[in-house]
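The tour goes from one selection to the next.

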Amino acid sequence: MAHVAEWKKEEVNELKGIIDQYDVIGIVDLMNIPAKQLQEMRKSLKDKAVIRMSKINLINLALEDCNADKNNIVDLSEHMEGQVALIATEMNPFKLYKILEDSKTQAPAKPGTIAPDDIIVPEGDTGFEPGPFLGELQQVGIPAKIDKGKICVQKETVVVKAGEEVSKQVAATLSRMDINPMEVGIDLKAVYEEEAVYTSDVLAIDEEQTLADIQNAFRNAFNLSVNAAIPTDETISTIITLAYTRAINVGVAGAIMTSETSEPIIGLAQAKMLAIASEIADAPGAIDDELAEKLSNVAVAAAPVVEEEESSEEEAAAGLGALFG
(Lines give C-alpha, C1' and ligand atoms only; values in the text may rest on other atoms or scores of the structure.)
Protein backbone atom coordinates (compact mmCIF):
# COMPACT_ATOMS: atom_id res chain seq x y z
CA MET A 1 0.00 0.00 0.00
CA ALA A 2 1.38 3.37 -1.05
CA HIS A 3 2.54 5.64 1.75
CA VAL A 4 0.43 8.81 2.18
CA ALA A 5 2.30 11.88 3.31
CA GLU A 6 1.33 13.02 6.78
CA TRP A 7 0.73 16.59 5.64
CA LYS A 8 -1.88 15.35 3.15
CA LYS A 9 -3.76 13.54 5.93
CA GLU A 10 -3.69 16.68 8.05
CA GLU A 11 -4.87 18.80 5.14
CA VAL A 12 -7.83 16.51 4.43
CA ASN A 13 -8.78 16.53 8.12
CA GLU A 14 -8.67 20.32 8.20
CA LEU A 15 -10.82 20.53 5.09
CA LYS A 16 -13.30 18.09 6.65
CA GLY A 17 -13.40 20.25 9.77
CA ILE A 18 -14.35 23.31 7.68
CA ILE A 19 -17.00 21.37 5.75
CA ASP A 20 -18.52 19.98 8.96
CA GLN A 21 -18.53 23.37 10.67
CA TYR A 22 -20.50 25.34 8.07
CA ASP A 23 -23.92 24.76 6.50
CA VAL A 24 -23.04 26.33 3.14
CA ILE A 25 -20.01 25.04 1.24
CA GLY A 26 -18.93 26.31 -2.15
CA ILE A 27 -16.31 25.76 -4.83
CA VAL A 28 -14.58 28.90 -6.15
CA ASP A 29 -12.05 29.60 -8.88
CA LEU A 30 -9.24 31.99 -7.91
CA MET A 31 -7.50 31.88 -11.29
CA ASN A 32 -5.77 35.11 -12.43
CA ILE A 33 -6.54 37.01 -9.22
CA PRO A 34 -3.50 39.08 -8.14
CA ALA A 35 -2.26 38.24 -4.65
CA LYS A 36 -2.93 41.76 -3.36
CA GLN A 37 -6.52 41.74 -4.60
CA LEU A 38 -7.15 38.26 -3.20
CA GLN A 39 -5.87 39.43 0.18
CA GLU A 40 -8.27 42.39 0.08
CA MET A 41 -11.15 40.07 -0.80
CA ARG A 42 -10.30 37.82 2.13
CA LYS A 43 -10.42 40.84 4.43
CA SER A 44 -13.79 41.93 3.05
CA LEU A 45 -15.16 38.44 3.75
CA LYS A 46 -13.78 38.29 7.29
CA ASP A 47 -16.41 37.02 9.75
CA LYS A 48 -18.66 36.21 6.75
CA ALA A 49 -16.89 33.38 4.95
CA VAL A 50 -13.75 31.24 5.06
CA ILE A 51 -11.70 30.60 1.90
CA ARG A 52 -9.33 27.62 1.90
CA MET A 53 -7.09 26.86 -1.08
CA SER A 54 -5.96 23.28 -1.53
CA LYS A 55 -5.23 20.61 -4.09
CA ILE A 56 -8.23 19.31 -6.04
CA ASN A 57 -7.64 15.67 -5.08
CA LEU A 58 -7.48 16.55 -1.38
CA ILE A 59 -10.70 18.58 -1.58
CA ASN A 60 -12.34 15.64 -3.33
CA LEU A 61 -11.22 13.26 -0.56
CA ALA A 62 -12.63 15.59 2.09
CA LEU A 63 -15.95 15.85 0.24
CA GLU A 64 -16.18 12.06 -0.06
CA ASP A 65 -15.51 11.60 3.65
CA CYS A 66 -18.20 14.17 4.53
CA ASN A 67 -20.81 12.82 2.12
CA ALA A 68 -22.32 10.47 4.71
CA ASP A 69 -23.28 13.36 7.00
CA LYS A 70 -23.95 15.88 4.21
CA ASN A 71 -25.72 13.93 1.53
CA ASN A 72 -24.85 14.91 -2.08
CA ILE A 73 -22.01 17.25 -1.09
CA VAL A 74 -19.70 15.06 -3.16
CA ASP A 75 -21.48 16.49 -6.22
CA LEU A 76 -19.38 19.63 -5.76
CA SER A 77 -16.49 17.62 -7.24
CA GLU A 78 -18.07 18.08 -10.68
CA HIS A 79 -17.40 21.82 -10.55
CA MET A 80 -13.64 21.91 -9.94
CA GLU A 81 -12.20 24.36 -12.49
CA GLY A 82 -9.16 26.62 -12.50
CA GLN A 83 -7.38 27.40 -9.24
CA VAL A 84 -9.82 25.69 -6.91
CA ALA A 85 -10.62 26.65 -3.35
CA LEU A 86 -13.32 25.89 -0.79
CA ILE A 87 -15.51 28.68 0.53
CA ALA A 88 -17.53 28.06 3.69
CA THR A 89 -20.19 30.32 5.20
CA GLU A 90 -23.54 30.54 6.94
CA MET A 91 -24.84 33.02 4.36
CA ASN A 92 -27.63 32.25 1.95
CA PRO A 93 -26.05 30.94 -1.31
CA PHE A 94 -27.69 33.68 -3.37
CA LYS A 95 -26.39 36.38 -1.02
CA LEU A 96 -22.91 34.84 -1.14
CA TYR A 97 -22.95 34.85 -4.94
CA LYS A 98 -24.04 38.50 -5.04
CA ILE A 99 -21.32 39.59 -2.60
CA LEU A 100 -18.64 37.84 -4.64
CA GLU A 101 -19.94 39.26 -7.92
CA ASP A 102 -20.12 42.79 -6.50
CA SER A 103 -16.52 42.52 -5.29
CA LYS A 104 -15.20 41.91 -8.82
CA THR A 105 -13.21 44.71 -10.44
CA GLN A 106 -11.98 45.57 -13.93
CA ALA A 107 -8.39 44.71 -14.77
CA PRO A 108 -6.03 45.02 -17.74
CA ALA A 109 -5.90 42.24 -20.30
CA LYS A 110 -2.75 40.16 -19.91
CA PRO A 111 -1.04 38.48 -22.90
CA GLY A 112 -2.19 34.90 -23.30
CA THR A 113 -5.46 35.27 -21.38
CA ILE A 114 -8.71 34.19 -23.02
CA ALA A 115 -11.31 36.91 -23.54
CA PRO A 116 -14.62 35.90 -21.88
CA ASP A 117 -16.44 38.49 -24.00
CA ASP A 118 -15.67 40.60 -27.05
CA ILE A 119 -13.03 43.24 -26.26
CA ILE A 120 -14.15 46.49 -27.86
CA VAL A 121 -12.29 49.73 -28.52
CA PRO A 122 -14.79 52.59 -28.70
CA GLU A 123 -14.95 55.23 -31.39
CA GLY A 124 -13.57 58.67 -30.54
CA ASP A 125 -10.60 60.70 -29.35
CA THR A 126 -7.84 58.62 -27.72
CA GLY A 127 -6.24 61.65 -26.08
CA PHE A 128 -2.91 60.89 -27.77
CA GLU A 129 -1.15 63.42 -29.95
CA PRO A 130 0.11 62.40 -33.42
CA GLY A 131 2.99 59.93 -33.19
CA PRO A 132 4.00 56.25 -33.34
CA PHE A 133 0.88 55.21 -31.40
CA LEU A 134 -1.18 55.78 -34.56
CA GLY A 135 0.75 52.98 -36.28
CA GLU A 136 0.33 50.71 -33.23
CA LEU A 137 -3.45 51.09 -33.40
CA GLN A 138 -3.51 50.32 -37.11
CA GLN A 139 -1.28 47.27 -36.64
CA VAL A 140 -3.80 45.64 -34.29
CA GLY A 141 -6.68 46.37 -36.65
CA ILE A 142 -8.02 49.56 -35.10
CA PRO A 143 -8.94 52.17 -37.77
CA ALA A 144 -7.46 55.47 -36.58
CA LYS A 145 -6.49 58.85 -38.00
CA ILE A 146 -5.39 62.32 -36.96
CA ASP A 147 -8.32 64.65 -36.25
CA LYS A 148 -7.95 68.14 -34.77
CA GLY A 149 -4.47 67.40 -33.52
CA LYS A 150 -5.37 64.13 -31.78
CA ILE A 151 -5.34 60.44 -32.68
CA CYS A 152 -8.96 59.33 -33.05
CA VAL A 153 -10.51 55.88 -33.52
CA GLN A 154 -12.76 56.13 -36.56
CA LYS A 155 -15.27 53.48 -35.53
CA GLU A 156 -15.98 51.06 -32.69
CA THR A 157 -13.84 47.97 -33.23
CA VAL A 158 -13.70 44.44 -31.76
CA VAL A 159 -10.00 43.74 -31.27
CA VAL A 160 -10.43 40.34 -29.60
CA LYS A 161 -13.49 38.13 -29.97
CA ALA A 162 -14.91 36.13 -27.06
CA GLY A 163 -12.96 32.89 -26.60
CA GLU A 164 -9.85 34.17 -28.40
CA GLU A 165 -6.43 34.70 -26.84
CA VAL A 166 -5.19 38.22 -26.14
CA SER A 167 -1.91 38.86 -27.94
CA LYS A 168 0.99 40.72 -26.39
CA GLN A 169 0.61 43.61 -28.85
CA VAL A 170 -3.13 43.99 -28.23
CA ALA A 171 -2.63 43.83 -24.46
CA ALA A 172 -0.02 46.62 -24.64
CA THR A 173 -2.27 48.77 -26.84
CA LEU A 174 -5.28 48.36 -24.55
CA SER A 175 -3.15 49.16 -21.52
CA ARG A 176 -1.92 52.41 -23.11
CA MET A 177 -5.52 53.38 -23.84
CA ASP A 178 -6.47 52.63 -20.22
CA ILE A 179 -8.99 50.01 -21.35
CA ASN A 180 -9.44 47.29 -18.70
CA PRO A 181 -11.67 44.66 -20.31
CA MET A 182 -11.08 41.80 -17.90
CA GLU A 183 -13.17 41.19 -14.79
CA VAL A 184 -11.18 39.92 -11.85
CA GLY A 185 -12.64 38.38 -8.74
CA ILE A 186 -13.64 35.21 -6.93
CA ASP A 187 -15.64 33.10 -9.35
CA LEU A 188 -18.23 31.00 -7.50
CA LYS A 189 -18.80 27.76 -9.43
CA ALA A 190 -21.27 25.90 -7.21
CA VAL A 191 -22.67 25.92 -3.68
CA TYR A 192 -24.00 23.15 -1.44
CA GLU A 193 -26.81 23.72 1.06
CA GLU A 194 -29.19 21.20 2.64
CA GLU A 195 -28.46 18.33 0.22
CA ALA A 196 -28.78 20.53 -2.88
CA VAL A 197 -26.05 21.90 -5.16
CA TYR A 198 -26.68 25.26 -6.84
CA THR A 199 -24.59 26.21 -9.86
CA SER A 200 -23.66 29.78 -10.77
CA ASP A 201 -26.30 30.03 -13.52
CA VAL A 202 -28.99 29.33 -10.90
CA LEU A 203 -27.51 31.76 -8.38
CA ALA A 204 -27.20 34.60 -10.91
CA ILE A 205 -30.61 36.19 -10.57
CA ASP A 206 -31.82 39.60 -11.69
CA GLU A 207 -32.92 41.18 -8.42
CA GLU A 208 -35.13 43.84 -10.00
CA GLN A 209 -36.85 41.33 -12.28
CA THR A 210 -37.27 38.83 -9.44
CA LEU A 211 -38.82 41.51 -7.22
CA ALA A 212 -41.14 42.57 -10.04
CA ASP A 213 -42.18 38.93 -10.60
CA ILE A 214 -42.94 38.47 -6.89
CA GLN A 215 -44.96 41.69 -6.78
CA ASN A 216 -46.90 40.64 -9.89
CA ALA A 217 -47.56 37.19 -8.40
CA PHE A 218 -48.82 38.81 -5.19
CA ARG A 219 -51.19 41.09 -7.15
CA ASN A 220 -52.54 38.15 -9.14
CA ALA A 221 -53.03 36.05 -6.01
CA PHE A 222 -54.66 38.99 -4.22
CA ASN A 223 -57.09 39.60 -7.10
CA LEU A 224 -57.93 35.89 -7.34
CA SER A 225 -58.62 35.73 -3.61
CA VAL A 226 -60.84 38.84 -3.71
CA ASN A 227 -62.78 37.81 -6.82
CA ALA A 228 -63.30 34.29 -5.49
CA ALA A 229 -64.20 35.64 -2.03
CA ILE A 230 -61.46 33.59 -0.35
CA PRO A 231 -60.77 35.44 2.92
CA THR A 232 -57.16 35.83 4.08
CA ASP A 233 -55.43 38.31 6.38
CA GLU A 234 -54.48 40.38 3.34
CA THR A 235 -57.80 40.25 1.47
CA ILE A 236 -60.61 40.15 4.05
CA SER A 237 -60.86 43.94 4.33
CA THR A 238 -61.08 44.36 0.54
CA ILE A 239 -63.63 41.52 0.23
CA ILE A 240 -65.90 43.11 2.84
CA THR A 241 -65.55 46.56 1.27
CA LEU A 242 -66.33 45.18 -2.19
CA ALA A 243 -69.36 43.26 -0.88
CA TYR A 244 -70.63 46.38 0.86
CA THR A 245 -70.19 48.48 -2.28
CA ARG A 246 -71.99 45.91 -4.42
CA ALA A 247 -74.85 45.69 -1.90
CA ILE A 248 -75.25 49.48 -1.94
CA ASN A 249 -75.25 49.47 -5.76
CA VAL A 250 -77.94 46.78 -5.85
CA GLY A 251 -80.00 48.73 -3.31
CA VAL A 252 -79.70 51.96 -5.29
CA ALA A 253 -80.42 50.29 -8.64
CA GLY A 254 -83.46 48.54 -7.18
CA ALA A 255 -84.64 51.67 -5.29
CA ILE A 256 -84.53 49.74 -2.00
CA MET A 257 -84.63 52.39 0.70
CA THR A 258 -82.26 51.88 3.64
CA SER A 259 -80.25 54.25 5.81
CA GLU A 260 -77.28 53.71 3.45
CA THR A 261 -79.13 53.90 0.11
CA SER A 262 -81.73 56.61 0.68
CA GLU A 263 -79.37 59.51 0.03
CA PRO A 264 -77.91 58.22 -3.27
CA ILE A 265 -81.40 57.10 -4.44
CA ILE A 266 -82.81 60.59 -3.83
CA GLY A 267 -79.75 62.17 -5.44
CA LEU A 268 -80.11 59.96 -8.50
CA ALA A 269 -83.81 60.77 -8.75
CA GLN A 270 -83.04 64.49 -8.58
CA ALA A 271 -80.37 64.14 -11.23
CA LYS A 272 -82.76 62.33 -13.58
CA MET A 273 -85.46 64.93 -12.90
CA LEU A 274 -83.08 67.78 -13.75
CA ALA A 275 -81.86 65.96 -16.83
CA ILE A 276 -85.46 65.70 -18.08
CA ALA A 277 -86.13 69.31 -17.12
CA SER A 278 -83.13 70.47 -19.13
CA GLU A 279 -84.58 68.82 -22.23
CA ILE A 280 -87.86 70.76 -22.00
CA ALA A 281 -86.54 73.98 -20.47
CA ASP A 282 -86.92 75.91 -23.74
CA ALA A 283 -90.66 75.22 -23.92
CA PRO A 284 -92.67 78.18 -22.47
CA GLY A 285 -94.13 77.40 -19.04
CA ALA A 286 -92.67 73.88 -18.97
CA ILE A 287 -90.67 74.46 -15.75
CA ASP A 288 -91.15 76.87 -12.83
CA ASP A 289 -88.67 79.49 -11.64
CA GLU A 290 -87.23 77.33 -8.86
CA LEU A 291 -86.40 74.53 -11.24
CA ALA A 292 -85.01 76.98 -13.80
CA GLU A 293 -82.69 78.40 -11.12
CA LYS A 294 -81.45 74.91 -10.22
CA LEU A 295 -80.71 74.20 -13.87
CA SER A 296 -78.87 77.51 -14.12
CA ASN A 297 -76.73 76.67 -11.07
CA VAL A 298 -75.91 73.26 -12.51
CA ALA A 299 -74.79 74.83 -15.79
CA VAL A 300 -72.54 77.32 -14.00
CA ALA A 301 -70.98 74.66 -11.76
CA ALA A 302 -70.35 72.32 -14.69
CA ALA A 303 -68.96 74.99 -17.02
CA PRO A 304 -65.26 74.66 -16.09
CA VAL A 305 -65.17 70.95 -16.99
CA VAL A 306 -67.12 71.09 -20.25
CA GLU A 307 -65.12 69.63 -23.15
CA GLU A 308 -65.67 69.85 -26.89
CA GLU A 309 -67.50 66.52 -27.03
CA GLU A 310 -70.99 66.45 -25.56
CA SER A 311 -71.45 64.39 -22.41
CA SER A 312 -73.84 61.49 -22.41
CA GLU A 313 -77.16 61.67 -20.56
CA GLU A 314 -75.83 59.22 -17.96
CA GLU A 315 -72.75 61.38 -17.32
CA ALA A 316 -74.92 64.48 -16.97
CA ALA A 317 -77.20 62.68 -14.55
CA ALA A 318 -74.24 61.54 -12.48
CA GLY A 319 -72.90 65.08 -12.29
CA LEU A 320 -76.27 66.48 -11.24
CA GLY A 321 -76.66 63.77 -8.65
CA ALA A 322 -73.35 64.76 -7.08
CA LEU A 323 -74.53 68.36 -6.85
CA PHE A 324 -78.01 67.75 -5.48
CA GLY A 325 -77.62 64.40 -3.70
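Begin by selecting T173 and showing its neighbours: leaving aside residues up to four places away in sequence, T173 touches F133, E136, L137, V140 and I142. This is a predicted model, so read each stop as a description of that prediction. T173 itself lies in helix α6, which spans residues 168-176. Is T173 buried or exposed? Its relative accessibility is 3%, and because buried means under 20%, T173 counts as buried.

Next, select residues 207-227, helix α8, together with residues 236-253, helix α9. Two packed helices are described by the angle between their axes and the distance between the axes. Here the axes come within 9 Å and cross at roughly 45°. That angle makes α8 oblique to α9. The crossing of the two helices is right-handed.

Now show side chains at this crossing. Which residues make the contact? From α8 they are F222, S225 and V226, and from α9 they are T238, I239 and L242. Colour them by class and the contact of α8 with α9 shows 4 nonpolar and 2 polar residues, with no charged ones.

Last, turn to the cysteines. Select C66, which is buried, with a relative accessible area of 2%. Then select C152, where the relative accessible area is 13%; this is under the 20% cut-off, so C152 is buried as well. How many disulfides does the structure hold? The count is 0. A disulfide is a covalent bond between the sulfur atoms of two cysteines.

Notes:
Residues numbered from 1 in each chain as written. Predicted model: local features only at pLDDT ≥ 70, side-chain atom pairs only at ≥ 80, totals over all residues. Heavy atoms only, no water. Disulfide = S-S within 2.5 Å. Buried < 20%, exposed > 50% of the residue type's maximum accessible area, 1.4 Å probe, protein only. Axes fitted to C-alpha atoms, helices over the stretch in contact; angles between N-to-C directions. Helix = DSSP H or I, 4+ residues; strand = E, 2+ residues; numbered from the N terminus. Parallel < 35°, antiparallel > 145°, perpendicular 65-115°, else oblique. Left-handed = near helix turned anticlockwise from the far one by under 90°. Contact = heavy atoms within 4.5 Å. Nonpolar A, V, L, I, M, F, W, Y, C, P; charged D, E, K, R; others polar.
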